[in-house]
Amino acid sequence: MNIRTVAATPFTDQKPGTSGLRKKVAVFRAAHYLENFVQAVFDTILENADIPADATLTLGGDGRYLNREAIQVILRMAAANGFGKVLVGQGGILSTPAASCVIRKYRTFGGLILSASHNPGGPDGDFGIKYNTPNGGPAPEKVTDAIFARSKALASYRIVDADDIDLDRIGTQAVGDMAVEVIDPVADYAELMESLFDFAAIRDLIAGGFRLCFDAMHAVTGPYAKEIIERRLGALAGTVINGMPLEDFGGGHPDPNLTYADQLVATMYGKDAPDFGAASDGDGDRNMILGRGFFVTPSDSLAVIAANARLAPGYAKGIAGIARSMPTSAAADRVAQKLGVPCYETPTGWKFFGNLMDAGKVTLCGEESFGTGSSHVREKDGLWAVLFWLDILAKRRQSVEQILEDHWAIFGRNVYSRHDHEALPTAVANGIIEQVRAACATLPGRAFGNYTVKACDDFSYTDPVDGSVSTGQGLRIIFEDGSRIVFRLSGTGTEGATLRVYLEAFEADPARQRGDAQLLLAGLIAIADDISGLKARSGRERPTVIT
Ligand code: VG1
Ligand code: CO
């Protein structure tokens, strides 16, 4: 095996964000850029643990532009760095939850996932890479910090001279002395889903005329959804729309929300809408759930899944606990309380759930950003959430809307919305955050109409398992009645800065629960602007995306 050591100047901008390193494709294309980051990952994991000579790595991505090329480079580097074997999804494809499943099932030495999730792809779009640890989850902060430090100090990287492998051929090939096994990207994941949910009951529901539509948004879940929903659950061909993964996602923005999943939204709010609609994102870890003319907020979806978990065979024994990210609504907290299980509040990003799941403290996790999942893997899981809903619908035989109305009648409704202000000049976004931060100390006790501020802080989190502390996780203004406004800067964007404003109001009165969230939240929306000076500072009248 001919290992070359290539001298290169290190990069200083490879700090992983909320979910790995994400940059424009053009940035990743710069000479040695990808190699520098991959070597920093390998050095970090080789330093912190003994890699057995036969260590296996899992590798795959969401199929976006640069995916195949990057995989060939990473394979050559893995061989040069002493891995014995790499499991790679056919065509270079592995959805993020499927990669987590493969890492856990075959006990590989973690994996590299190539994705920029819901960010657009193509030559002018984004690319991304992240390392997942052997538990199948995104590397925790202490590991990503070490990777960043290493990336700034590298003088060289190692790579072997070898031909490209055939990524489309299932079976074992070689790169240098290392084995590369191209695996079916869907099989292991589909088997895991079948072990958790009552496929017979869902098949029965569908055979009885229940209609559904799944929008894969030309991203990675197409093949997974076709195999599971159409082939195994018997939905009509064509139930999965935009099911062919494309390198540029068909020019779209593979983000399953009311703005970007517009084709699905038109179907679900149109004449003769199906009973159930769902979509997932670029790498398959997000989900949006819709009923006929009805949107389920991700925060509510987590709460409904928690309240009905025992209906699914994989959760029939009940759940150990729930964790939600701080900006996610407290709807799940109410369910946890009723079930008598703990509810944890973590910073944004799935990596904060890993320790809680590994320690058996929680079973279900969720984020307001269309992320729901459980300890079956260590990533959020779009299709899993869809199957959970289908299992619940198969057992309850109610509409999605009825299920939510019943839920609100029992628990009250945490009316919720997130307003995103995308691609703001960085200075403007920072200015808005600083204005809120400056006001924070003076807010408690102040009244804004019906709302009186109870507390204001910058969220920080101490991990209950390993004691690590994460600070600066978002400014939150909490009102006497439990309503909240949270201001936070995105850690996944690649253009300017994205400011997120999260709004939550509690409504206990069933007579008022059915209203439109934006109307019910109008008071809080005005207060958010009042405190932050958002409109004046940004010069924008409205958010770019409302969910
Ligand atoms: C966003 C979401 C966050 C999520 C992250 C990764 O991060 O708000 O909840 O964990 O994306 O999701 P940010 O920092 O832009 O708010 V994904 O689907 O990109 O892996
Ligand atoms: Co994603």
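## Cobalt site, domain contact and buried polar residues

In sequence, the donor residues of the cobalt ion (ligand 2) follow the spacing S-x163-D-x1-D-x1-D. Ser117 lies in the loop between β5 (111–114) and β6 (126–132), and Asp285 in the loop between β12 (276–280) and β13 (287–291), so the pair ties together parts that are 168 residues apart in sequence. The structure is a predicted model, and everything described here should be read with that in mind. The protein donors of the cobalt ion (ligand 2) are Ser117 through OG and Asp281, Asp283 and Asp285 through OD, at 1.9 to 2.2 Å from the ion. Ser117 and Asp285 are both buried.

### Domains and the contact between domain 1 and domain 3

The chain is divided into domain 1 (3–185), domain 2 (189–411) and domain 3 (413–546). The C-alpha centres of domain 1 and domain 3 are 36 Å apart, and 10 residues of domain 1 are in contact with 8 residues of domain 3. The size of an interface is often given as the accessible area lost when the parts come together. Between domain 1 and domain 3 the buried area is about 630 Å², with carbon and sulfur atoms giving 36% of it. The count of salt bridges between domain 1 and domain 3 is 0, while the count of residue pairs in polar contact, both at pLDDT 80 or more, is 1. On the side of domain 1 that touches domain 3, the elements that give two or more residues are β2 (21–24) and α5 (141–151), and β2 gives the most, with 3 residues.

### Salt bridges

In the model as a whole, the count comes to 39 salt bridges.

| Residue pair | N to O distance |
|---|---|
| Asp126 and Lys24 | 3.2 Å |
| Arg324 and Glu345 | 3.1 Å |
| Asp420 and Arg418 | 2.8 Å |

The salt bridge between Asp126 and Lys24 links distant parts of the chain, with Asp126 in strand β6 and Lys24 in strand β2, 102 residues apart. Asp126 has a relative accessible area of 4% and is therefore buried, whereas Lys24, with a relative accessible area of 24%, is partly exposed. Distant parts of the chain are also linked by the salt bridge between Arg324 and Glu345, for Arg324 lies in strand β15 (residues 322–325) and Glu345 in strand β16 (residues 343–346), 21 residues apart. Arg324 counts as buried because its relative accessibility is 4%, while Glu345 is partly exposed, with a relative accessible area of 25%. In the pair formed by Asp420 and Arg418, both residues are buried.

Arg324 and Glu345 also belong to a network of salt bridges, in which they are linked with Asp333, Asp457, Arg476, Arg484 and Glu504.

The side chain of Glu504 makes a polar contact of 2.8 Å with the side chain of Asn414.

Thr221 lies in helix α8 (residues 221–232), and at 2% relative accessibility Thr221 counts as buried. The side chains of Thr221 and Ser280 are joined by a polar contact of 2.5 Å. With residues up to four places away in sequence again left out, Thr221 touches Phe214, Ala216, Ser280 and Gly284.

### Helix α4

Helix α4 (residues 96–105) has 8 of its 10 residues buried, so it is largely enclosed by the rest of the structure. The buried residues in α4 are Thr96, Pro97, Ala98, Ala99, Ser100, Cys101, Val102 and Ile103. Just after α4, Arg107 takes a positive phi of about 45 degrees.

Definitions and conventions:
Residues numbered from 1 in each chain as written. Chains lettered and ligands numbered in written order. Predicted model: local features only at pLDDT ≥ 70, side-chain atom pairs only at ≥ 80, totals over all residues. Heavy atoms only, no water. Donors = N, O, S within 2.8 Å, 3.2 Å for Na, K, Ca; no water. Helix = DSSP H or I, 4+ residues; strand = E, 2+ residues; numbered from the N terminus. Buried < 20%, exposed > 50% of the residue type's maximum accessible area, 1.4 Å probe, protein only. Polar contact = N/O pair within 3.5 Å; in protein donor to acceptor, adjacent residues only side chain to side chain. Domains from an automatic or database assignment. Contact = heavy atoms within 4.5 Å. Buried area = accessible area lost by both parts, 1.4 Å probe. Salt bridge = Lys/Arg side-chain N within 4 Å of Asp/Glu carboxyl O.
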